[in-house]
Amino acid sequence: MLTLSAAPEAMAAKAKKKAAGRANPLLAEWNTPWGVPPFNLIQTRDFEPALRVAMAEKLADIQAISAAKTPATFETVIVPLEKSGQRLTRATTVFYNLTGMMSTPDLQKIEGKVSASLSQHDSTISQDPKIFARVKAAFDSRESQSLNPAQTQLLEDTYAGFVRNGALLNPTQKKRLADIDARLTHLQVQFGQNVLAGQSSFALPLKTKEDLAGLSDSFIAAAAAEAKERKIDALGVVTLSRSSFEPFLTMSTRRDLREAVQKGWMAVSGTPGPTDNRPLIPEIVDLRNEKARLLGFKSFAHYQLDNKMAKSPEAAMDMMLGVWAASLATAKRERAMLQELAAADGLDGPIKSWDWWYYAEKVRKAKYDVDESETKPYFELGNMIEAIHWHANQLFGISFKKITGVPTWHPDVVTYEVSDPSGKPMALWYGDFFARQTKQSGAWMSSFRDQQRLIGDIKPVVFNVCNYTKAPAGQPNLLSLDDVTTLFHEFGHALHGMLSDVTYPSQSGTNVKRDFVEFPSQLMEHWVTTPEILTRFAKHHATGEIIPRALVDKIIAARNFNQGWATSEFMMAAIMDMKMHMIEGPAPKDVDAWENDILGGIGAIPEIVVRYRPGYFKHTFEGGYAAGYYSYIWAAVLECDAFQAFVEAGNVYDKATSAKLKRYIFASGGQADPLANYVAFRGRAPGVDALLADRDLRV
């Protein structure tokens, strides 16, 4: 384990000597447009030596802060902490972003080792008594320092962060906590790599014309391109990318193949074999609970929510169970409609989970006369990118210009320069939209650099990642309405990073409470089906015709169709995540039985499968959303209530409401309590009624 007594200067010199010979691009100055990483120069072998140098440099920074003789204040302790380890921040940002987007076997080999070293490094700092003594002294004297609200918040958050990481523990407890964190890091890396391997290895070949029955021409073309990419001798393949398996389950008339795809998804990293994550889960949960008990909490869920908006898992569960009751009751009514149609279609017996997508689409078409194959031609990716940029301009006055010559990590990645309302460059935005075997599944936003003004006027460099199926060359990339919603959602996160207006790095952009961070992104989804977006950007890819008004009306009318199913499959995952982390004794070894007990206990129905089974529930068992998946529905309460502010103003782009949204929600970052910011924006606290009404959920 690293220690601060290990002469950081000597460590840095030794690491630099080992890295000599070839200049390590992760340690050099980046003379690139916008100062982005020189991806063409960075090699996998660069990460370990660069991180050794950078960790040693940060330890030296920390030692200097600890050894300072000046009185401990915000300016002499917190500001230097904010400035410390700049090259480490830069190198780790590149490393972890690439492990998500370009997770090659070579990169995976070093991920566990590097992550363990970084975990030990963090524990060394957070548990060092000298630096904590300085932080505590600054914290104790905060009333006499004339700090502004953002500085007070940062000081309090910094002190609390040290305490939550074991600063008040005795030496034996500190060592155990560090060992727990190191082991958890290893297990979580292994969990994520297993999921990637499990998902990437699945490919259902479509070998005959009968296998293509019901599929659209655009899907068949994309499936054929994927077969060619994977060198599989077939007319096409279905993968576990959501843009592949979801439309297949929706369109395919082959019930046997739908079953195979659904079961393939449900089995990822949850069946015997080298990628089975079930043996890891009890150990992860037990270690998390041991950590929580060391820190004075009765469960990991209580530890996690102590500093969140919800405050306690009981409060989060109360909210979730209320939404669950309404969503399940609605889903049962939906099931009755689907069963009736399936019986008329000749299905003998009850529908199964792999039938829900298919018959839901039939009901949607029959009840609302909306067919996904009818709408997809109007949702071409390029037009939808224009839509999110226009949307941002209408709300916040910012503009986007596509540029070239900026280094990227893959040829498919596009770059845009973002300008503020006065025309001055304010951010760089990358888009990485297509699925590939080395990319983790799902969609997300992250950054290579966060906005701040402490170390110069630093502009943000952010990116969005999606996993859309890439069409063959010369053919349009057509999206489903769900795909478009995902694009708006993730772009909302990007806007949160781009519009940040803070001084201190730790408060920048999306550095907010976990159950608040999804609010700005989910809010953006409300604009997808507005006439303002659809009548401008939903253009037929072949004719350029704007989507007919009648089809727009049908899309809007159908917006809440199947919301019982959609909310229920999410709530099952959120409740399972929370209950698995509220456990106070040893975690059950039989993960499948544990899952069944939890879902059975809330009355889940077999026709709806949980969004994420434990084996591939990366949100919770890879780390980021552990006992925190509820935050999406918590944020949904906020976003449904917030959108009503625009409805009440009579204009979904009302300037006064947009200005308050930018000031209190998108620009503020972590400078203030998020509930206080919400009240400043809305004029009152939110309530769950807007969510239930928005989704038409009722018991």
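Here are a few notes on a sheet, a helix pair and a cavity in this predicted model.

1. Ground rules. Residues are numbered from 1 along each chain as its sequence is written. In this predicted model, local features need pLDDT of at least 70, side-chain atom pairs count only at pLDDT 80 or more, totals for chains, interfaces and linings use all residues, and side-chain values use heavy atoms, with hydrogens and water left out.

2. The sheet. Look for an open sheet of 5 strands, ordered E3-E4-E5-E7-E6 with mixed pairing (strands are DSSP runs marked E of at least two residues, numbered from the N terminus; two of them pair if DSSP finds at least two bridges between them). Its edge strands are E3 (399-403) and E6 (444-449), each pairing on one side only.

3. E4 (residues 414-419) and E5 (residues 425-434) run antiparallel and are joined by 6 bridges. Threonine 415, for instance, has tyrosine 430 in E5 as its bridge partner.

4. The helix pair. Helices here are DSSP runs marked H or I of at least four residues. The axes of H17 (residues 381-396) and H26 (residues 655-666) come within 8 Å and cross at roughly 100° (axes are lines fitted to C-alpha atoms, for helices over the stretch in contact, and angles run from 0 to 180 degrees between N-to-C directions). That makes H17 roughly perpendicular to H26 (the label covers 65 to 115 degrees).

5. Where they touch. Gln394, Leu395 and Phe396 in H17 meet Lys655, Ser658, Leu661, Lys662 and Phe666 in H26 (contact means heavy atoms within 4.5 Å).

6. The cavity. Met266, Gly270, Arg278, Asp592, Arg613, Pro614 and Gly615 line the largest cavity (a set of points on a 1 Å grid over the protein atoms alone where a 1.4 Å probe fits but cannot get out; lining residues have an atom within 4 Å of a point).

Terms used
On a 1 Å grid over the protein atoms alone, a cavity is a set of points where a 1.4 Å probe fits but cannot get out, and a pocket is an open set with protein on both sides within 12 Å along at least five of seven lines; lining residues have an atom within 4 Å of a point. Angles under 35 degrees count as roughly parallel, over 145 as roughly antiparallel, 65 to 115 as roughly perpendicular and the rest as oblique.
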